Amino acid sequence: MSLFGQDRSFLDALTRQDRLALLAEGSPRTYAPGDVMIRERDTSAYVLALLSGWAVVSVETERGARLILALRGAGEVVGDLAAVDQGPRSATVTALGRVEAVSVSGDRFRRFLASRPHATSLIMRQLSTRLRSADVERRALASATVLQRLAARLAELAGRTGRPGDGGTVLDIPLPQHDLAAAIGATREAVAKALRQLREQNVVRTAQRRVVVTDMPVLLLLAQGRGQRTPGPAEKSPPGV
């Protein structure tokens, strides 16, 4: 399970010359928290190169629930799939906080890739990584408990965005409970119950929009499905619920 892309972002992996050339093809954009940057099923084809801030990639399930697929940060590009295959948008991208980006039209992005084989290779590798991550995600939704999936998400967030403080690792991306639920394919009630279990085991501390991981080794064990009793049927949630 992974909310994040590759360790090295697309813009960082480009040469300095190619990076400047790509950014010169577009125009700056600023998004406020909650702004929709790209909308699922839309037919636009522009690409956004993120310069600062975090964005949430999500889809709407058949039951009308929201499922968070990924978090994208500075140095990454979003909207590249529609620009490459010229199909409808496959997901919605929403600003989690203030986001600074450069918008490049689909035509210009395709021309940029066509003239730079290295950049094309990076995009293909990025798409491959996301496909593999989606396969792992489907397997987790089918087999892992809510507690296991939540522990894995919190461990990942702590590893990628956490900072030392307050007797543990403070998560710098303050996802509320409904977003944590959307990030693991569970109900908000199920996530609240799982968080209560983690608090009772002194693995995390929580406050409004704040999570502190206080026992990372135990959290990692729980993410692997170890160190916990076998849940009853009521403790599992079907995918997309």
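Biologist: Does Thr129 count as buried, partly exposed or exposed, and which relative accessibility goes with that?
Modeller: In this predicted model, Thr129 counts as partly exposed, because its relative accessibility is 29%, and buried would need a value under 20% while exposed would need one over 50%.

Biologist: Where does Thr129 lie?
Modeller: Thr129 is part of helix H5. In space, its C-alpha atom is 7.3 Å from that of Gln6, although 123 residues separate Thr129 and Gln6 in sequence.

Biologist: And Val77, is that buried or exposed?
Modeller: Val77 counts as buried, because its relative accessibility is 0%. Val77 sits in strand S6, which covers residues 77-78.

Biologist: What is Val77 in contact with, leaving aside its neighbours within four places in sequence?
Modeller: With those neighbours set aside, Val77 is in contact with Phe10, Val47, Leu48, Ala49, Ile123, Gln126 and Arg130.

Biologist: New topic: how many residues has the largest nonpolar core, and which have the most contacts inside it?
Modeller: The largest nonpolar core has 34 residues, and those with the most contacts inside it are Leu150, Leu154, Leu157, Val191, Leu198 and Leu219. Two or more residues each come from strand S5 (66-72), helix H6 (146-161), helix H7 (177-184), helix H8 (188-200), strand S12 (210-213) and helix H9 (216-223).

Biologist: Which of those gives the most?
Modeller: That is H6, which gives eight residues to this core. Apart from this core lies another one of 17 residues, and Val77 is among them, as are Ala49, Phe112 and Leu122.

Biologist: Going back to Leu154, what does it touch beyond its neighbours within four places in sequence?
Modeller: Beyond those neighbours, Leu154 is in contact with Leu171, Leu180, Leu195, Leu198, Val204, Val211 and Leu219.

Biologist: How many residues of H7 are buried, and which ones?
Modeller: H7 is mostly covered, with six of its eight residues buried, and these are Asp179, Leu180, Ala181, Ala182, Ala183 and Ile184. The buried residues pack against S5, helix H5 (117-143), H6 and H8. Just after H7 comes Gly185, which takes a positive phi of about 70 degrees.

Biologist: At what angle do H7 and H8 pack?
Modeller: The angle is about 100 degrees, and the axes of H7 and H8 are 8 Å apart. H7 is therefore roughly perpendicular to H8. On the H7 side the residues are Gln177, His178, Leu180, Ala181 and Ile184, and they meet Arg188, Val191, Ala192 and Leu195 of H8.

Biologist: What about the angle between H6 and H7?
Modeller: H6 and H7 pack at about 105 degrees, with their axes 10 Å apart, so H6 is roughly perpendicular to H7. Val146, Arg149, Leu150, Arg153, Leu154 and Leu157 of H6 make this contact with Leu180, Ala183 and Ile184 of H7.

Biologist: Now the sheets, please: what is the strand order in the one with S9?
Modeller: That open sheet has four strands in the order S9-S10-S12-S11, with antiparallel pairing. Strand S9 (162-165) and strand S11 (204-207) each have a single partner strand, so they stand at the edges and one side of each is left without a neighbour in the sheet. From one strand to the next, the twist averages 30 degrees.

Biologist: How many bridges join S10 to S12?
Modeller: Two bridges join strand S10 (residues 168-171) to S12, and these strands run antiparallel. Thr169 stands opposite Val213 in S12.

Biologist: And the order of the sheet with S2?
Modeller: This is an open sheet of four strands in the order S2-S7-S4-S5, and its pairing is antiparallel. The edges are strand S2 (36-38) and S5, each of which has a single partner strand, so one side of each lacks a neighbour in the sheet. Strand S4 (residues 55-60) is joined to strand S7 (residues 92-95) by four bridges, and Ser58 stands opposite Thr92 in S7.

Biologist: Last one: what does UniProt list for residues 10-113?
Modeller: The UniProt record, an unreviewed entry, lists residues 10-113 as "domain: Cyclic nucleotide-binding". In the model, this span is 26% helix and 38% strand, and its end C-alpha atoms lie 12 Å apart.

Conventions. Residues numbered from 1 in each chain as written. Predicted model: local features only at pLDDT ≥ 70, side-chain atom pairs only at ≥ 80, totals over all residues. Heavy atoms only, no water. Core = buried A, V, L, I, M, F, W, Y, C linked by side-chain atoms within 4.5 Å. Buried < 20%, exposed > 50% of the residue type's maximum accessible area, 1.4 Å probe, protein only. Contact = heavy atoms within 4.5 Å. Pairing = 2+ DSSP bridges. Axes fitted to C-alpha atoms, helices over the stretch in contact; angles between N-to-C directions. UniProt positions renumbered as here; feature names shortened; annotations may be inferred. Parallel < 35°, antiparallel > 145°, perpendicular 65-115°, else oblique.
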